[in-house]
Amino acid sequence: MKTRSRLLLVSITGMGLAAAQTAPQPDGPFRKGMGLPPAGADGPWNRDVVVYRTSENGAFEKTATFERAGVPTIARMKDGRLIAAHQHFPMNDEAAFDKVAVHFSSDEGRTWSGPEVIRVDGLPDGMRFPFDPTLVPLPDGRVRLYFTGMTGRQFDESTPAIHSAVSTDGIRYTYEPGERFGIKGRNVIDCAVVLHRGEFHLISPDNGAQLNDGLFFGGEPMEVRPREGSGYHATSSDGLNFTRIEDVRIEGRRRWLGGAESDGKVITFYGTGEPARTSDDEPRPQRGGFFMATSVDGKTWQAVPSPAVGGADPGAVTAKDGGLIIVTTGEPRR
C-alpha cells in the first residue's frame, strides 16, 4: 500500500526536491514553518557546508566548515574577496533559522568571517524569505542573488520559481520585481546562473511536475517525474528577462544541482552525481558525489575529470593559484 506525506517547507538541501525526505508534518508551530524543529527531528538543518581547496593536480584539503547549513554558493567579488552564501539553520536562533547567511574570505578560502543573515528589502507581500541562493557577480561590481521564491510556506500553496535581488555589499539586497524564470506546473528550484560572453545562462534541475497537495512521487506516469541528467535552460541578455531554450543533458547518474563558472572561454558546471571516469577500467562510483562538466556555449556539455570530494549541491570558483575553492553540502551530522 502506497503512503504519501506532505513536504516540510524548509529549504531542500543537497539532493533537491525529488530526493527530499518525506516526513509527516509535526504538530505545533513548526508545522507552519515557524520556530525551531522538534528535538530529534532530521532534516537539512542536520548537515554542514564544507569548504575545500584543491590543487591543479586534483589533491584537496578541507579548510572550513559552516555548521548547520546547506545549499551553498560561492563567488568572487570585484575587490577580490570571496563571498559564500548558504541556507542557515542555527539551533539557538529562531529568528535566523532557515534564512540565507553569507561569509567572506580575504585569503582564498582559508579563513572566513562568521555567518551574517542577509537583508532583502521589497519582497512582495506573502513571499517567504529567499532560499536556495545563487550568487552572480555583475560587471558593475554589484552582486545579484538568484533564489527560489514562492508565496506561503508549502509547495501546494504556490509553484516555486526563480526570483532575484541585487546588492552592493553582499549583505543588504533589494528585490528585483517579477519572476526571473518559472514553468507552469513544474517546480523550478535550486538554479545555477552564470554570465558567459555577455549572456546569462540559468540552469535548474528537472524536479518533475508539481503534484496535487504538494505530495511526493509514487506510481505517477514517467512524464511527470524528475528526469535524471536533464535540466531546464534559459538565457538572458540582462540577467532579468530569461527565455527558455532547449533543455541541457548530461550522461550518467548526474543532476544539474550545483553551480557554474565562466572563464570567458568555457563554462564549467559543478554538479551532484558520479564524477567522470578517466578510464574504462575504473569502477563506477556510487550515486552522489561531485562532477564537473564543460561547455563553450552552455548548450552542449561534456563531463571532465574532477577532484574526489564528496557532498552534494556544490559551488566552486577558481583560486588565484589555479586550483578550486569548493563549497558543498556534507553528510548528516553525527
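The model is predicted, so local features are reported only at pLDDT of at least 70 and side-chain atom pairs only at pLDDT 80 or more, whereas totals for chains, interfaces and linings use all residues. Residues are numbered from 1 along each chain as its sequence is written, and side-chain values rest on heavy atoms, without hydrogens or water.

The protein contains 21 strands and zero helices. The protein has 334 residues, and 55% of them count as buried. Buried denotes a relative accessible area under 20%, exposed over 50%, and partly exposed in between (1.4 Å probe, protein chains only).

A pair of aromatic rings is described by the distance of the centres and the angle of the planes. Rings of Phe, Tyr and Trp (its six-membered ring) pair if their centres lie within 6.5 Å; planes under 30 degrees apart are stacked, over 60 edge-to-face, and the rest tilted. The whole structure holds 11 such pairs. One of them joins Trp45 and Phe97, with ring centres 6.2 Å apart; their planes meet at 45 degrees, so this pair is tilted. Trp45 belongs to the segment before β1 (47–54), and Phe97 to the loop between β4 (82–88) and β5 (99–105), so the pair ties together parts 52 residues apart in sequence. Trp45 is buried, at 2% relative accessible area. Phe97 is buried too, at 7%.

Trp256 and Phe269 form another pair. Their ring centres are 4.9 Å apart and their planes stand at 65 degrees, so the pair is edge-to-face. Trp256 lies in strand β16 (residues 254–262) and Phe269 in strand β17 (residues 267–273), 13 residues apart. Relative accessibility is 0% for Trp256 and 0% for Phe269.

Arg254 lies over the face of Phe291, 5.7 Å from the ring centre. The charged end of Lys99 sits over the ring of Phe129, at 5.1 Å from its centre.

Thr134 lies in strand β8 (residues 131–137). Thr134 is buried, with a relative accessible area of 7%. The Thr134 side chain reaches the backbone oxygen of Cys191 at 2.6 Å. Beyond neighbours within four places in sequence, Thr134 contacts Thr73, Arg144, Leu145, Tyr146, Cys191, Ala192 and Val193.

Strand β3 (residues 69–76) is mostly covered, with seven of its eight residues buried. Strands pair if DSSP finds at least two bridges between them. Strands β3 and β4 run antiparallel and are joined by six bridges. Ala69 stands opposite His88 in β4. The β3–β4 hairpin has five residues between the strands, and Gly80 there takes a positive phi near 95 degrees.

Key: Helices (H or I, at least four residues) and strands (E, at least two) are DSSP runs, numbered from the N terminus. A charge sits over a ring if NZ of Lys or CZ of Arg is within 6 Å of the ring centre and within 35 degrees of the ring normal. A polar contact is a pair of N or O atoms within 3.5 Å; within protein, one must be able to donate a hydrogen and the other to accept it, and residues adjacent in sequence count only if both atoms are side-chain atoms. Contact means heavy atoms within 4.5 Å.
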